[in-house]
Amino acid sequence: MEEILEKARKTGDLSRAEITALLSVSDQKHMQMLFDTAYAVKAEEVGRVAYFRGLIECSNICIKDCFYCGIRRSNQNVERFLMDEEEIFKEAMWAYEAEYGSCVIQSGERQDEEYIAMIERVVKRIAEATGGSLGITLSLGEQTEEVYKRWKEAGAHRYLLRIETTNPELYAKIHPEDHSMDVRKECLKALRRTGYQVGTGVMMGMPGQTMEDLADDILFLKEIDIDMIGMGPYIPHSDTPMGKEIPAYTDEEKKVALQLGLKMIAVTRLVLRDVNIAAATALQALEYTGREQGLKCGANVIMPNLTETEFRPKYQLYDNKPCTDENSSMCRGCLSGRIKGIGETIGFNERGDSLHYRKR
Ligand code: SAM
Ligand code: SF4
């Protein structure tokens, strides 16, 4: 373990077996050594700065039916909502005025022209109103290259589309038949061609997923030369097919899921070095300070929720999603304090583009 970490401190060139060994660490002492090494590499490669991306969850309407997701098409217990253009614009401007460097517009997947054109208009409006200084990230699922191009030309900078897992059998198990990993990989290639800073990532801790699978996921991220990573622990939602199979996490299971999430961040930092890595909100669902712990293990991006308090309970991807009853200024205040408390500065007014992308 010490030897692998010594090597990882100097180079990200780790083998599948070495990555698996790091992910499998379970004793406190070695886990802390892993986290400290990843933090040192983060400080060296991207600095001890946390960038904020204000998250706007603009609609829970989705044409897909992923077996793990609380807002999947078939879930009848969800009251569907769609923010109008003005509301999305207002929230993006809130992020700008609060000196957040970027916003993220995320929703269920829709491929109809009405929605595509609405996103195009609102992105253009935000880009014009902020003179391009507010980073705009989209996370709106699989689209054609033409649509990705339209949104890019309107002013979006980044796109986040998780691969979820690179194990083909597991991918098939967690998605209905109309999903295809090849299509998702093609989307990631189209996004790269279109000039976005491209982000992807996985869920970890899904039933049947092994440490070797996760090691392969990290090697995949490296192989496709990704710029940003958004990954987080899988958390069951009781109204989904996968959530019905496993009861809600016990406290012990939450602890294990959090540790796995943190180990993935740490090892990904060691292997990919200068990319942006987000500390996912799902970490906070497992423990209140989960995202700050993510920063201490190698993440450098946090996505505070800007969604109007009224809509938040309707965007429940998993059970016990945090901060559903807080408003945006409460999130800003409590998060900023906690981040300063761990000795990091916040990149206010900075877009915080991926250094990896800039070097390319
Ligand atoms: N619809 C778009 C998509 O799928 O790319 C964007 C929104 S989707 C809700 C964003 C991410 O939420 C997915 O990529 C997935 O990894 C995550 N997610 C969904 N259900 C989850 C769950 N039960 N636990 C943890 N993450 C979940
Ligand atoms: Fe829809 Fe995304 Fe949820 Fe899948 S993960 S059901 S595409 S919102």
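**A buried residue and its surroundings**

Reply: Happy to. Q197 has 25 C-beta neighbours inside 10 Å and counts as buried. Please keep in mind that this is a predicted model.

Me: What makes Q197 count as buried?

Reply: Set the value against the cut-off: a residue is buried if 20 or more other C-beta atoms lie within 10 Å of its own. Q197 has 25 such neighbours, so the label "buried" applies.

Me: Where is Q197, and which residues does Q197 touch?

Reply: Q197 belongs to strand β5. Leaving out residues up to four places away in sequence, Q197 touches H157, R158, D227, M228, D353, S354 and Y357. As for A156, its C-alpha atom is 9.6 Å from that of Q197, although 41 residues separate the two along the chain.

**The whole chain**

Me: How many helices and strands does the protein chain have?

Reply: There are 15 helices and ten strands in the protein chain.

Me: What share of the contacts in the chain joins residues 24 or more positions apart?

Reply: Counting contacts with a separation of 6 or more, such residues account for 79%.

Me: Which residues of α8 are buried, and why are they said to line one face?

Reply: They are C187, L188, A190 and L191. Seen down the axis of α8, these buried residues fall within an arc of 160°, so they line one face of the helix. An α-helix has 3.6 residues a turn, so residues three or four places apart point the same way. On the face of α8 turned away from the buried side sit the exposed residues D182 and R193. The cover over the buried residues of α8 includes α6, β4 and β5.

Me: How do you know that the length of α3 agrees too?

Reply: Use the same test: α3 has 18 residues (28–45), which should span 26 Å at 1.5 Å a residue, and its end C-alpha atoms are 26 Å apart, so the lengths agree.

Me: What puts the buried residues of α3 on the same side?

Reply: The buried ones are L34, F35, T37, A38, V41 and K42. They cover an arc of only 160° around the axis, and therefore lie on the same side of α3. The face turned away carries the exposed residues Q28, K29, Q32 and E44. Among the elements covering the buried residues of α3 are α1, α2, α11 and α13.

**The ligands**

Me: Which residues come nearest to ligand 1?

Reply: Of the 18 residues around ligand 1, the nearest are C69, G141, R162, L317 and Y318. The shell divides into nine nonpolar, six polar and three charged residues.

Me: Which residues are around ligand 2?

Reply: They are C62, K64, C66, C69, I71, R72, G108, E109 and G141. By class, four are nonpolar, two polar and three charged.

Conventions
Residues are numbered from 1 along each chain as its sequence is written. Chains are lettered from A and ligands numbered from 1 in the order in which they are written. This is a predicted model: local features need pLDDT of at least 70, side-chain atom pairs count only at pLDDT 80 or more; totals for chains, interfaces and linings use all residues. A residue is near a molecule or strand if its C-beta atom, placed from the backbone, lies within 6 Å of it. Ala, Val, Leu, Ile, Met, Phe, Trp, Tyr, Cys and Pro count as nonpolar, Asp, Glu, Lys and Arg as charged, and the others, Gly among them, as polar. Helices (H or I, at least four residues) and strands (E, at least two) are DSSP runs, numbered from the N terminus. Two residues are in contact if their C-beta atoms, placed from the backbone, lie within 7 Å. A residue is buried if 20 or more other C-beta atoms lie within 10 Å of its own, exposed if 12 or fewer, and partly exposed in between; C-beta atoms are placed from the backbone. The arc is that of the directions from the helix axis to the C-beta atoms. The expected span of a helix is 1.5 Å times one less than its number of residues.
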